[in-house]
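Please read it beside the sequence and the structure.

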Amino acid sequence: MAWECDIGGCGAVFEDAESAVVHQTTEHERRECKVCGTVVPDGYLAIRHTFTEHSRAEYVRAYGASSEDVRNREQLLEEIESVADTQTLADELDQ
Ligand SMILES: [Zn+2]
Ligand SMILES: [Zn+2]
């Protein structure tokens, strides 16, 4: 399965989820979390931050998200975490 970066219509395609996340973290500008103001890498890590640090209700309020948005993001997180080696990912992002 190919992974496509969808930040701002980027469209870059990667063979694995780790490469896509590293790309999102290094090639794209970081964004401020609308809930707490922490600056986090865009893409997967921004989603993970929001969904692990904040409640769904806070996310919906801050981003004006629909329940479909929430479902889509939860699905994406599960998908990445089921295929990506999160330890490898952590090591690569640490460098
Ligand atoms: Zn990209
Ligand atoms: Zn936050």
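Helix 1 and helix 5 cross in a right-handed manner, where a crossing is left-handed if the near helix is turned anticlockwise from the far one by less than a right angle, and right-handed if clockwise. This is a predicted model, in which local features need pLDDT of at least 70, side-chain atom pairs count only at pLDDT 80 or more, and totals for chains, interfaces and linings use all residues. Residues are numbered from 1 along each chain as its sequence is written, while chains are lettered from A and ligands numbered from 1 in the order in which they are written.

**Helix 1 with helix 5**

- The axes of helix 1 (residues 17-27) and helix 5 (residues 86-94) come within 10 Å and cross at roughly 30°, the axes being lines fitted to C-alpha atoms, for helices over the stretch in contact, with angles running from 0 to 180 degrees between N-to-C directions.
- Helix 1 is therefore roughly parallel to helix 5 (angles under 35 degrees count as roughly parallel, over 145 as roughly antiparallel, 65 to 115 as roughly perpendicular and the rest as oblique).
- On the helix 1 side the contact is made by Glu18, Val21, Val22 and Thr25, and on the helix 5 side by Thr88, Leu89, Glu92 and Leu93, with residues in contact if their C-beta atoms, placed from the backbone, lie within 7 Å.
- By class, the residues of this contact are four nonpolar, two polar and two charged (Ala, Val, Leu, Ile, Met, Phe, Trp, Tyr, Cys and Pro count as nonpolar, Asp, Glu, Lys and Arg as charged, and the others, Gly among them, as polar).

**Helix 2 with helix 4**

- Helix 2 (residues 44-53) and helix 4 (residues 67-83) have axes that come within 10 Å and cross at roughly 110°, and the two helices are therefore roughly perpendicular to each other.
- The crossing of helix 2 with helix 4 is left-handed.
- Tyr44, Ile47, Arg48 and Phe51 in helix 2 meet Arg73, Glu74, Leu76, Leu77 and Ile80 in helix 4, and this contact has six nonpolar, no polar and three charged residues.

**Nonpolar core**

- Eight residues make up the largest nonpolar core, namely Trp3, Cys5, Ala17, Ala20, Val21, Tyr44, Ile80 and Leu89 (a set of buried Ala, Val, Leu, Ile, Met, Phe, Trp, Tyr and Cys residues joined through C-beta atoms within 7 Å).
- Helix 1 contributes the largest share of this core, three residues.
- Ala20 is in contact with Trp3, Cys5 and Phe14, leaving aside its neighbours within four places in sequence.

**Individual residues**

- Ala2 lies in the segment before strand 1 (3-4), and counts as exposed because it has 8 C-beta neighbours inside 10 Å (a residue is buried if 20 or more other C-beta atoms lie within 10 Å of its own, exposed if 12 or fewer, and partly exposed in between).
- The C-alpha atoms of Ala2 and Phe14 are separated by 5.7 Å, although these residues are 12 residues apart along the chain.
- Gly8, in the loop between strand 1 and strand 2 (13-14), is exposed, with 9 other C-beta atoms within 10 Å.
- His54, in the loop between helix 2 and helix 3 (56-63), counts as partly exposed, with 17 C-beta neighbours inside 10 Å.
- Not counting residues up to four places away in sequence, His54 touches Val35 and Tyr59.

Conventions:
Helix = DSSP H or I, 4+ residues; strand = E, 2+ residues; numbered from the N terminus. Contact = placed C-beta atoms within 7 Å.
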